[in-house]
Amino acid sequence: MTSRPAPLIPPRLRAILIRIPFLVPIVRFLRRGPLARDRNLLITLSVLTLLLGGLAARVSTEWFSPSLFILVTLVGGLQLRLRSLVVLVGVVGVALAYVAAVLGARSVGAGLLVTIGFTTVLAFLMARTRGKLGVQGLRGDAMLLELRDRLKRQGELPQLPAKDWGSRVVLKQAGGSSFGGDFLVSMRHGSILEIALVDVSGKGVDAGTRALMLSGTFGGLLGSVDSFLPACNAYLHRQPEGEGFVTAVHLRLDLSTGAYEITSAGHPPVVKFDAGTGTWQVSAAKGVVLGVVPDLHCEPDSGVLHKGDALMLYTDGLIEQPGRDIDSGLDRLLGEAERLVPSGFRDGARPLVNSMSAGHNDDCALILIWRP
């Protein structure tokens, strides 16, 4: 059995209120129709505007300044639909004309009119944007913040055995933006850790919207299919053309043995630090950029991480610079990575990204996994 929700108004109070003749039609009018909230707010703001205009003209412009119409217009831009905002702006114009007629044209100066005009344009832009999104108030900004936080949570690696493994993730978006074209998806099931580092063409906010969409898709495919990158390629190949290219690298690591397998799709090569020789080695994993060919063929690279070894995954923002060859950028990256060994991988990851990204504006990402 399902229980009815408790009424908002107690039965006794409701019995008293329904005896008031004029109150019931008013309540029914205020609650009628799908746009009741918008209509009620328009009525409230219009009455408030006319009241402020009357008080400013008849009482005092110091206590009830016509500049308060600016706040009313901003509230309308944040909450009202575009048609309702047009009505509210008309009411504001009537109130201003009334104040000017009673107190003279000097009471409504040119500076105030310019400010109200600018505010009106801004309010119409906000209302138009909200109308396209189909949201009210600041809900559109809240949705973007939620998506940003979700993308950041996906960019965190699963918890690894602290005694046996260490990890570090650094994401730096172009222009200090909260959104970018580089993102990470990862998961751990038992002793198997899977990581995918993806780079969407473009940078900053322009690539961020597509990265948000693909992060959910790739996150759902990771761990659900045997061949991760071919499955991602099949998905992208079905999408409309002109969406730009996507590169990705996939790492599958057995935390109990240290055995790993790397597959790449047009992504910069993964590098491994060999503690035995004290050198960085470039992975031989190769593959075509995602979404270009219907059937993706990857040449994987495999090996074993021993004590002191490390793997470094990164995006092209660390090695690509205008006017420079990618190979020289990779050489510089490996040279800068030598500083990680004396100071420890964890403390050297952020300085490495800052050093490699200095002087150019691009999305950068770095993932370090090592065995202490």
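Is N233 buried or exposed? N233 is buried, with a relative accessible area of 0%; buried here means under 20% relative accessible area, exposed over 50%, and partly exposed in between, using a 1.4 Å probe and protein chains only. Keep in mind that this is a predicted model, where local features need pLDDT of at least 70, side-chain atom pairs count only at pLDDT 80 or more, and totals for chains, interfaces and linings use all residues. Residues are numbered from 1 along each chain as its sequence is written, and side-chain values use heavy atoms, with hydrogens and water left out.

Let's stay with N233 for a moment. It sits in helix α9 (residues 228–237); helices (H or I, at least four residues) and strands (E, at least two) are DSSP runs, numbered from the N terminus. A polar atom of the N233 side chain lies 2.9 Å from the backbone oxygen of V293. Leaving aside neighbours within four places in sequence, N233 is in contact (heavy atoms within 4.5 Å) with V289, L290, G291, V292, V293, P294, D295 and L296.

Now follow α9 to the sheet. The helix lies across β3, β4 and β5 (259–265), running at about 155° to β4; axes are lines fitted to C-alpha atoms, for helices over the stretch in contact, and angles run from 0 to 180 degrees between N-to-C directions. The sheet itself is open, with 5 strands in the order β2-β3-β4-β5-β8 and antiparallel pairing. Two strands pair if DSSP finds at least two bridges between them. β2 and β8 (301–304) stand at the edges with a single partner strand each, so one side of each is left without a neighbour in the sheet. On average, and ignoring direction, neighbouring strands of this sheet are turned by 15° against each other.

Strand β3 (residues 192–200) is joined to strand β4 (residues 246–254) by 9 bridges, and I195 stands opposite L251 in β4. β4 and β5 pair over 6 antiparallel bridges, with E261 in β5 as the bridge partner of R252. These two strands form a hairpin with 4 residues between them, and G258 in the turn has a positive phi of about 85°. On to β8: 4 bridges join β5 to this strand, again antiparallel, and E261 stands opposite S302. β5 is mostly covered, with 5 of its 7 residues buried.

The structure holds 6 aromatic pairs; rings of Phe, Tyr and Trp (its six-membered ring) pair if their centres lie within 6.5 Å, and planes under 30 degrees apart count as stacked, over 60 as edge-to-face and the rest as tilted. One of them is F183 with F218, a tilted pair at 6.2 Å centre to centre and 45° between the planes. This pair links F183 in strand β2 (residues 182–189) to F218 in helix α8 (residues 204–221), 35 residues apart. Both F183 and F218 are buried.

F345 and W370 have ring centres 5.5 Å apart and planes at 35°, so this pair is tilted. F345 lies in helix α12 (residues 345–357) and W370 in strand β10 (residues 364–370), so the pair ties together parts that are 25 residues apart in sequence. F345 counts as buried at 11% relative accessibility, and W370 is buried at 7%. F273, W280, F345 and W370 form one aromatic cluster.

Conventions
A polar contact is a pair of N or O atoms within 3.5 Å; within protein, one must be able to donate a hydrogen and the other to accept it, and residues adjacent in sequence count only if both atoms are side-chain atoms.
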